[in-house]
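Take the sequence and the coordinates together.

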Amino acid sequence: MKNISFEAQLLHTPFDKEDAYRALSMPVYQTAAYEFETAEAMEEAFCGRTPDHAYSRITNPTVQYFEDRIRHITGATGVTALNSGMAAVTNTFMNIAWSGANVVTSPHLFGNTFSLLKSTLAAFGVEARFCDLTNLEEVKAQIDENTCAVFLEIITNPQLEVVDLKAISAVAAAAGAPLIADTTIIPFSAFKAKDFGIDIEIVSTTKYISGGATSIGGVIVDYGTFDWSDSPVLKNWAGSAGTYAFTARMRKEVHRNIGAYMTPQVAYMQTLGLETMQLRFERQAATCLALAERLQTLDPIVAVNYTGLKDNPFYELSCAQFGPCPGAMLTFDLASREACFAFMNRLQLIRRATNLFDTKSLAIHPASTIYGNFTKEQRQAMDVSLCTIRLSVGLEAVEDLFNDITQALS
Ligand SMILES: *Cc1c(COP(=O)(O)O)cnc(C)c1O
């Protein structure tokens with residue numbers, strides 16, 4: 001069938017093999033290993049000449065089905081599911097970087113990704129070049145022949161900065177660097193990474209996809225759009241696998257060696273989550289916009305930050321790239337750190353917890369938690385303010401959330 005909707009495409013992704021019992025929902029293949037008829041069949045599978053499963057650190061039918069569904073709805077060439085969003089970020093850099101390589105990125109990053117680049121990968125000789133990605137001249141000046149990627153988050157958290165994706169992708173492509181983006185903040189149903197020139201997309205599936213915060217996971221989505229033949233670590237793979245080089249090395253070497261594959265139980269829950277992702281997102285993002293508008297009317301709130309608000313500096317760009325309801329997370333500033341703590345402690349309905357896009361609304365004071373171990377100077381460089389509260393908007397009615405916030409401010 002042609003012109004099939006996003007939901008239909010997602011729900012009717014065929015199984016790789018017909019299930020022995022014709023189960024309508026992909027069973028959880030809770031097994032470490034798989035048996036072979038003969039030594040020859042075993043050799044074929046282990047040498048990658050047949051697609052049979054051998055060991056669940058490398059592939060598993062339930063996890064593969066989750067990957068297939070994402071491949072189906074994104075039009076990607078390869079999808080790899082890992083056991084956390086951070087495992088997806090780490091595997092990606094391990095696949096493309098080498099000692100002496102650099103990553104051109106922004107200091108406005110998810111805290112653990114910042115720490116991975118700044119400390120963990122630095123120990124292996126990978127340099128993080130933090131710059132202002134909204135300034136394309138600065139980006140151009142930072143890229144050189146050792147740049148293994150331009151890396152960004154499509155709406156940064158908690159700063160909510162937006163980069164012109166088509167423009168930066170053109171800059172990266174002209175300089176021979178892949179554009180890699182963490183798109184966790186907007187789900188596949190509302191943002192098509194490929195249309196914006198993103199070569200590799202990374203998603204923490206813990207967020208929208210898990211559906212009610214059931215489990216931790218991550219995916220790497222490879223669009224097969226980058227030519228890796230000049231990459232010191234991928235050029236041989238480009239010779240044998242062409243545009244599939246990134247995923248080929250990921251599957252046959254890096255992810256296999258690191259051993260952080262998604263588990264079948266998690267893949268099962270996240271496949272279910274994926275089925276209702278769009279519905280939940282539409283409702284949560286619409287509530288977020290309505291709430292952001294109403295919070296602007298409250299006196300104790302100094303500023304509301306949501307890129308779907310008309311007075312936001314990124315409003316036009318955000319609408320063009322992500323539509324009128326750009327995600328279900330907003331931030332707002334109060335007068336001081338003390339005011340933020342008092343507000344947090346008075347909340348009755350909204351939960352004090354980290355995480356994003358749970359079905360329940362969650363509030364956190366980022367500076368004292370996610371960025372609690374950073375120095376004051378580092379926090380300032382990352383524009384993480386002591387006066388900011390981050391809110392992840394759930395499925396509650398907007399009235400419930402507004403009332404809880406109003407009473408907590410009083
Ligand atoms: C949560 C998050 C991650 C990390 O994902 P985990 O599943 O917690 O490992 C990475 N990037 C962004 C933007 C996130 O919100």
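Is Asp 52 buried, partly exposed or exposed? Asp 52 has a relative accessible area of 33%, so it is partly exposed; buried means under 20% relative accessible area, exposed over 50%, and partly exposed in between, with a 1.4 Å probe and protein chains only. This is a predicted model, in which local features need pLDDT of at least 70 and side-chain atom pairs count only at pLDDT 80 or more, while totals for chains, interfaces and linings use all residues. Residues are numbered from 1 along each chain as its sequence is written, and side-chain values use heavy atoms, with hydrogens and water left out.

The side chain of Asp 52 forms a salt bridge with that of Lys 17, at 3.8 Å from N to O. The term denotes a side-chain nitrogen of Lys or Arg within 4 Å of a carboxyl oxygen of Asp or Glu. Lys 17 sits in the loop between α1 (6-11) and α2 (39-46), and Asp 52 in the loop between α2 and α3 (61-74), so the bridge ties together parts 35 residues apart in sequence. Helices (H or I, at least four residues) and strands (E, at least two) are DSSP runs, numbered from the N terminus. Lys 17 is exposed, at 60% relative accessibility.

A search of the whole structure gives 11 salt bridges. One of them joins Arg 71 and Asp 68 at 3.0 Å, N to O. These two residues are 3 apart in helix α3, which means a separation of about one helical turn. Arg 71 is partly exposed at 35% relative accessibility, whereas Asp 68 is buried at 11%.

Arg 129 and Asp 144 also meet in a salt bridge, at 3.0 Å from N to O. Arg 129 belongs to strand β3 (residues 127-130) and Asp 144 to the loop between α6 (136-142) and β4 (147-153), so the pair connects parts 15 residues apart in sequence. Arg 129 is buried at 17% relative accessibility; Asp 144 is partly exposed at 27%. Together with Glu 127, these two residues are linked in a network of salt bridges.

The largest nonpolar core has 81 residues, of which Ile 154, Phe 188, Leu 295 and Phe 332 touch the most other members. Such a core is a set of buried Ala, Val, Leu, Ile, Met, Phe, Trp, Tyr and Cys residues joined through side-chain atoms within 4.5 Å. Helix α10 (residues 264-295) supplies the largest share of this core, 11 residues. Apart from this core lies another of 38 residues, including Phe 246, Met 250, Val 254 and Tyr 371.
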